[in-house]
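Q: I am new to this structure and would like to learn how to read it. Could we take the features one by one, with the general idea before the case?

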Amino acid sequence: MKVLLRNPRREIDVDGPVSVNTLLERLEINRESVIVIRGDELIPADTVLADSDQVEIRPVISGGAVDTQVRP
Amino acid sequence: MKCRVCRGPAIIDIRRHNANFCAEHFLKLCRDQTAKAIADFDMILPGERVLIAVSGGKDSLALWDLLLEMGYDADGLYLGLGIGDYSDDSGTYVRAFAESRGARLIEVDLRAEYGYDIPTGARAARRAPCSTCGLSKRHLFDRAALDGGYDAVATGHNLDDEAAVLLGNVLHWHDEYLGRQLPVLAARNGFPRKVKPLVRLGEREMAAYCVVRGIDYQVDECPMAEGNRHLAYKDALNMLEKRSPGAKHDFYFGFLARASERFRTTIDAEQDALLECERCGAPTPSEICAFCRLVEKAAGAQPVTITTRGGAV
Ligand code: SF4
Ligand SMILES: [Zn+2]
Ligand SMILES: [Zn+2]
């Protein structure tokens with residue numbers, strides 16, 4: 001299956017079937033820091049992905065200014 | 001996985017709540033958590049007008065959507081920061097959202113109205129880009145809120161943001177920052193009230209919220225993000241969260257309930273000592289405020305071009 005990763009944007013091939021959880025573990029991605037999207041739907045961690053699937057693993061962590069968050 | 005509420009197929013698992021949710025009940029959870037934060041901290045009272053600081057990212061667009069859905073009178077303010085393609089794309093997401101909801105969007109373009117953009121201003125003032133950006137945002141949001149007669153400025157800071165900032169402030173014992181790290185800062189001395197209605201929701205939930213609601217947002221990182229330290233705190237907290245779901249929530253809300261009071265004494269004295277900026281009238285500890293000094297330094301500086309896109313994670 002095709003897996004889209006971000007920051008930087010790149011695509012990798014992974015053999016299915018594999019569960020979302022296992023896929024994240026294999027890629028050493030912490031599940032707390034991403035959402036997984038198939039088509040335009042959010043899919044939970046126990047979903048089994050097929051070889052023909054296209055999924056995006058989208059990071060949800062943004063950096064930016066500490067500064068804007070601490071002063072009045 | 002099944003939804004905790006209706007037993008239908010789940011679309012998201014939230015380990016902090018030890019539960020899974022279908023789309024409908026996930027959206028309800030987000031609204032309920034936002035409503036609870038607003039009520040617990042008296043963020044917005046009935047009939048008040050709110051100005052939302054929108055960046056085009058997931059948090060601020062989700063916040064705008066949530067407040068509109070909940071019936072609040074909420075307008076958006078977008079600052080054109082002039083950070084290359086990143087700012088152009090961000091502005092497009094914000095405008096598309098405002099249009100789709102028929103919501104009122106105010107735009108302020110730094111280059112057109114103040115003669116600088118973030119990369120150029122940062123270099124001219126010899127400040128880090130994020131510090132220049134933060135200073136500009138604070139000043140212009142405050143001004144727009146006061147000029148427009150808004151009761152509060154709302155920002156999209158979520159639980160992960162607050163927990164990461166808290167971790168940084170505690171690691172280095174920044175007392176004065178700890179005193180100000182609150183979900184609400186009351187209006188006073190020329191500052192509008194500042195509220196953070198998303199503090200009960202995690203970063204992952206906000207991204208999921210946008211996907212479920214069909215809100216397109218800026219996924220790429222700002223190329224100027226000095227983020228490394230801040231991102232490292234978030235990574236560290238997510239490692240803890242993975243082992244011990246609820247760790248971030250306990251850390252932040254435990255601080256608010258049990259420790260934050262002890263650091264508050266310094267703020268009041270500081271705010272009472274403020275003067276009015278000679279040029280713009282904003283509250284400032286010196287004769288001319290930091291924003292006016294930045295504008296002055298950046299005037300006529302050679303524009304800096306941004307070529308890179310998307311920071312590394
Ligand atoms: S990362 Fe820094 S420069 Fe970029 S928008 Fe955020 S605060 Fe501004
Ligand atoms: Zn349900
Ligand atoms: Zn000034």
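A: Start with burial: a residue is buried under 20% relative accessible area, exposed over 50%, and partly exposed in between, with a 1.4 Å probe and protein chains only. Gly56(B), with a relative accessible area of 0%, is therefore buried.

Q: What should I know about the origin of the model and its numbering?
A: This is a predicted model, in which local features need pLDDT of at least 70 and side-chain atom pairs count only at pLDDT 80 or more, while totals for chains, interfaces and linings use all residues; side-chain values use heavy atoms, with hydrogens and water left out. Residues are numbered from 1 along each chain as its sequence is written, and chains are lettered from A and ligands numbered from 1 in the order in which they are written.

Q: What is the mean pLDDT of chain B?
A: pLDDT is the predictor's confidence in each residue, from 0 to 100. Chain B has a mean of 92, and 95% of its residues reach 70 or more. Over residues 309-313 of chain B, pLDDT stays under 50. For the complex, the predictor gives an ipTM of 0.91 and a pTM of 0.93.

Q: Where does Gly56(B) lie, and which residues does Gly56(B) touch?
A: Helices (H or I, at least four residues) and strands (E, at least two) are DSSP runs, numbered from the N terminus. Gly56(B) is in the loop that runs between strand 3 (49-53) and helix 2 (58-69) of chain B. A contact means heavy atoms within 4.5 Å. Leaving aside residues up to four places away in sequence, Gly56(B) touches Leu61(B), Ser90(B), Tyr93(B), Val94(B), Tyr217(B) and Gln218(B). One of these partners, Ser90(B), is 34 residues from Gly56(B) along the chain, yet their C-alpha atoms are separated by 4.7 Å.

Q: Is Ser260(B) buried or exposed?
A: Ser260(B) counts as buried, at 0% relative accessibility. Its place is the loop between helix 11 (247-258) and helix 12 (265-272) of chain B. Beyond four places in sequence, Ser260(B) touches Leu182(B) and Phe255(B).

Q: How many aromatic pairs does the structure hold?
A: Rings of Phe, Tyr and Trp (its six-membered ring) pair if their centres lie within 6.5 Å; planes under 30 degrees apart count as stacked, over 60 as edge-to-face and the rest as tilted. Over all chains, the structure holds four such pairs. One of them joins Tyr252(B) and Phe253(B), with ring centres 5.0 Å apart and planes at 75°, so this pair is edge-to-face. Both Tyr252(B) and Phe253(B) are buried. Phe255(B) and Phe263(B) form a tilted pair, at 6.5 Å centre to centre and 35° between the planes. Phe255(B) is buried at 7% relative accessibility, and Phe263(B) is buried at 17%.

Q: Which ring does the charged end of Arg200(B) sit over?
A: A charge sits over a ring if NZ of Lys or CZ of Arg is within 6 Å of the ring centre and within 35 degrees of the ring normal. The charged end of Arg200(B) is over the ring of Phe253(B), 5.3 Å from its centre. Likewise, Arg49(B) has its charged end over the ring of Tyr150(B), 4.1 Å from the centre.

Q: Which residues coordinate the zinc ion (ligand 3)?
A: Donors are N, O and S atoms within 2.8 Å of the metal (3.2 Å for Na, K and Ca); water is not among the atoms, so sites may look incomplete. Here the donors are the SG atoms of Cys277(B), Cys280(B), Cys289(B) and Cys292(B), at 2.3 Å. Their spacing in sequence is C-x2-C-x8-C-x2-C. Cys277(B) is buried, at 4% relative accessible area, whereas Cys280(B) is partly exposed, at 24%.
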